Amino acid sequence: MTRSGGWLIAAVLVLAAHVSAQTGDGADEEEPTYGATGVASRPIASGNELDPTASSTVIRLDARPRAVETLDEVLLDSPGARARRSGGFGGFTTLSLRGAEAEQTTVLLGEIPIASPDGSAFDLSSIPTWLLSRVEVYRGGAPTWLSAGAIGGVLRLVPRDDPGQHFEGTLSAGSFDLGQLRASASVGDDRLHVTTAAGGTTYGGQFPYVDDNHTSFDPSDDVTRVRLGTNFLEGSGMMSVRGRIGDVRLESAWLGTERVGGLAAVPSRFADVPAGRRSSTRLLGGVSAELADRDVFRLALALGVGFERRTVSDPLAQFGQLARDTDDLLWRATARLAGTVRAADWLDVTAVGTYAHEALSPSDRLALRQPPASARDGAVIALEGRAFGAIDTTRFEVRPSGRVEILDARLFDLSEGRSGAATSSTLFVPTARLGFVLEPIPGVAISASGYAAVRPPSLVELFGDRAYLVGNTTLRAETSLGVDGGLLLTGSAGPVRGTIDVRGFGAVVSDLIRYARNTQNQSVPLNVASATLAGIEASVAGSVDRWAHLNVAFTWLHAEDETLGRALPLRPPVSLYARFAATSDRFDAIDRIAGFADVEYVAASYADQANTEVIAGRARVGIGASVTFADRHVSLEVVVRDLFDARGTDILGLPLAGRSVIGSLTLRE
C-alpha cells in the first residue's frame, strides 16, 4: 500500500471514531431496521439490509436529474458491475458481475424471480428505470433469503411504491428521433396502496458512422455510412399493490413490455440496408405474502410467472447461413417458500425452497421441419444459519449456508444443421457459502466470504436467440470456487456524510461458459476448461447535507483463460465512473435547481478468444440540469450524453451513436 493510501484509510478511521463518540452508541443517526425475524436493532455497517457479509450496492432512483435514464446507466454507480449492450439506445443489455457471464446473474422484481422464461441472461433494456424506486446489486455471494446462487450475484429491482396520493406525467424528446411519454399514479393508505405507471418509447436510431471495410490499418478505403435497423417502438406498464389482511402483508407486482423494431444488419454483410425485423412481448410478475412475529419467526410465500413471445424475421440470412421467420413462445413459472426462526438468542435459521418450470415452444415458418418443444424443471432447497453477538463493543456475524438445485431437462436443438437433435439430463447442482463480518467500532466493518458453486447452461446458451446468439447443446455445467473480503467505512461529521467500500475478490472457474464471435458476427457460447477471475472494486459515496453528492465506482479485473493463456474477451481490465450532483432551492421564483456531471472510463478489451480483435478503450462525459418551479408541479430537464462524441463500439464491434441531447418536461400533482 502506498503511503498516501495509508493516510487516506487512517483519516476515514479517525472520522468513524469521531462519529461514534458524537452519537454515543455509534448509531450514526440511522433509523433502526428489522432483521430476518423482525427484531429491531441497529444494523452492522453494510451496503444492504439483508446480509452484512455480502458485497452490495443500493442505488436509489428518486430525484436523479437525468432524463430517459436507462438501467445500464444506473448500474455504473456499482463497482464490479459491467452492463454489456448490443447496439445503441434500447439494445439488448445484460449484466456481468465481477467478470462472470450474464447468465450467472439472477434478476428479481422485489422478491419475485423474473429471469427470462428461457433462463437466459435478462435483458435490462426491457425494464424502464422510471418503473423502479431502487436497484440493489449483490456481487458474488448473495443473501440466502433471495434464494440465489453465488457465481455471479443478484440484481434486485424494487418497483415504485410512491407514498400517499400522487400523479406525474413526463414528455421527453432527444437525438436520433428519440421520444418518450410516460405517466404514473399512486393512491391508497397503509392498508391498501396501489402504484401504476405506463408509457411508450420510440427510437429512430439512424446515425452516421465510419466503416473501415475491415482494414483498420488502411484509412484510404474508409466509407461513411448510415446505421440502420436499430429503430424500435416500445410500450411498458407496471402495477404494484401493497396491503394487509390482519397480520399478513401482501404484495403484488406486474410488469409488461412490448417492443417491435428493426434487426440491425452487420455492416458490409450482403447489404447495408437491413431487411430483418424482431419483436418481443413480455409479461412478468407475481404475488407474495409475508407473516412475521417480531421475536419469533418470519414466513414468506411468493408465486411468479413469466411469459415471452419472440419473433425474428431474417429473409436475407443477414444473421447465420439460413433465412428464418421464427415465432417462439417461452414460459416460466416459479414458487418460493422462505422462513426464518429465532432458534436461540444468538442464532437465526433460514430455510428457502423454490420450484421453477421452464418451457420453450419454437416455430420457424421457413424451416423444413419444426423442432419439438423443450422443457426444464428445477427445485432448490437452501439453508442458512446466522450466528451473531458481541464481545465488549465488537459486534460480529457468521453466516454458513448451503444450497442444492436439481434440474431435469428435455431439450431439442434449434441450431442450423442440428435442428431437432434431442438432449435429456438430470443435474445435481450444489452451492455452499460461508460469510463473516466484524465491526470493531461503529461504522467500520470488516467482512470476508468464500463459496463453491455450480451453474448449468441456460436455454439461450443451449439454443441461442435466433439472431445475435447461436446455441450450443454440448455445453457443460460451470463449477466455481471463490473468495472475497473487504473493508467498509461509513460516518458523518455535521452535514458531511460518507462511505468508502473497498473489496478484493478471486475465483477459479472450470468449464466457464463464455461467448466467442463467429464469421457471421454472431456470438457462440463455448466452455473454457479453466479460467481465473480476480480483482479489486472500490466505491466512494459522499454528500453535504442534501445539496451536494459524489459517487465514484472503480473496478480492476484480471480475467484469464488459463487454457490458452490469454485474456477472456469482453472484460475490460479497468473501469471507472464518477458523478457529481448539486442541488439548490435558494431562489424566490424557482423551487429547485439541480445539475450533474459524470465521466465513464473503460479500458480496452478483447472481442475474441485469440486476443487479436481489440475493442478500443473510451472515456465518455455527460452533463445535465433540471429546474423545478410552480410549487414543484413543473420540472424541466436537459441531459447531454457523450458530450465530446467519443462514440466507440458495442460488444459485437458495431458502431454506437455518439453525442445525444435529451430534454424532458414533467408535470406532477
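This is a predicted model: local features need pLDDT of at least 70, side-chain atom pairs count only at pLDDT 80 or more; totals for chains, interfaces and linings use all residues.
Buried residues have under 20% relative accessible area, exposed ones have over 50%, and partly exposed ones fall in between, using a 1.4 Å probe and protein chains only. Numbering runs from 1 along each chain as its sequence is written, and side-chain values use heavy atoms, with hydrogens and water left out.

Let us start with the overall picture. The chain has 3 helices and 36 strands; helices (H or I, at least four residues) and strands (E, at least two) are DSSP runs, numbered from the N terminus. Of its 669 residues, 52% count as buried. Contact here means heavy atoms within 4.5 Å, and among contacts in the chain with a separation of 6 or more, 63% are between residues 24 or more positions apart. The chain exposes about 28100 Å², with carbon and sulfur atoms supplying 62% of it; accessible areas come from the Shrake-Rupley method with a 1.4 Å probe, and for residues only the protein chains shown count as cover.

Now back to valine 502, which sits in strand β26 (residues 496-517). Together with Ile536, Phe554, Trp556, Leu576 and Tyr601, Val502 forms a nonpolar surface patch of about 490 Å² of accessible area. Patches are made of residues with over 30% relative accessible area and no salt bridge, joining like charges within 9 Å and nonpolar side chains (Val, Leu, Ile, Met, Phe, Trp, Tyr) within 5 Å.

Turning inward, we come to the nonpolar cores, each a set of buried Ala, Val, Leu, Ile, Met, Phe, Trp, Tyr and Cys residues joined through side-chain atoms within 4.5 Å. The largest contains 25 residues, and Leu71, Val135, Leu155 and Leu157 have the most contacts inside it. Two or more residues come from each of α2 (71-74), β5 (92-97), β6 (105-109), β8 (132-139), β9 (153-159) and β16 (248-263), and β8 gives the most, with 3 residues. Beyond its neighbours within four places in sequence, leucine 71 touches Leu124, Ile127, Thr129, Leu132, Val135 and Leu157. Another core, of 9 residues, lies apart from the largest one and includes Phe505, Val528, Leu533 and Leu557.

Charged side chains come next. There are 34 salt bridges in the structure, each a side-chain nitrogen of Lys or Arg within 4 Å of a carboxyl oxygen of Asp or Glu. In one of them, arginine 332 pairs with glutamate 358, with the closest N and O atoms 2.3 Å apart. This pair links strand β19 (residues 324-344) to strand β20 (residues 347-361) across 26 residues. Arginine 332 counts as buried because its relative accessible area is 15%, and glutamate 358 is buried too, at 8%.

A further salt bridge joins arginine 395 and glutamate 439, whose closest N and O atoms are 3.5 Å apart. Arginine 395 lies in strand β22 (residues 394-412) and glutamate 439 in strand β23 (residues 422-441), so the bridge ties together parts 44 residues apart in sequence. Arginine 395 is partly exposed at 22% relative accessibility, whereas glutamate 439 is buried at 2%.

Finally, salt bridges also link Asp51, Arg342, Asp348, Glu384, Arg386, Glu397, Arg399 and Arg433 in a network.
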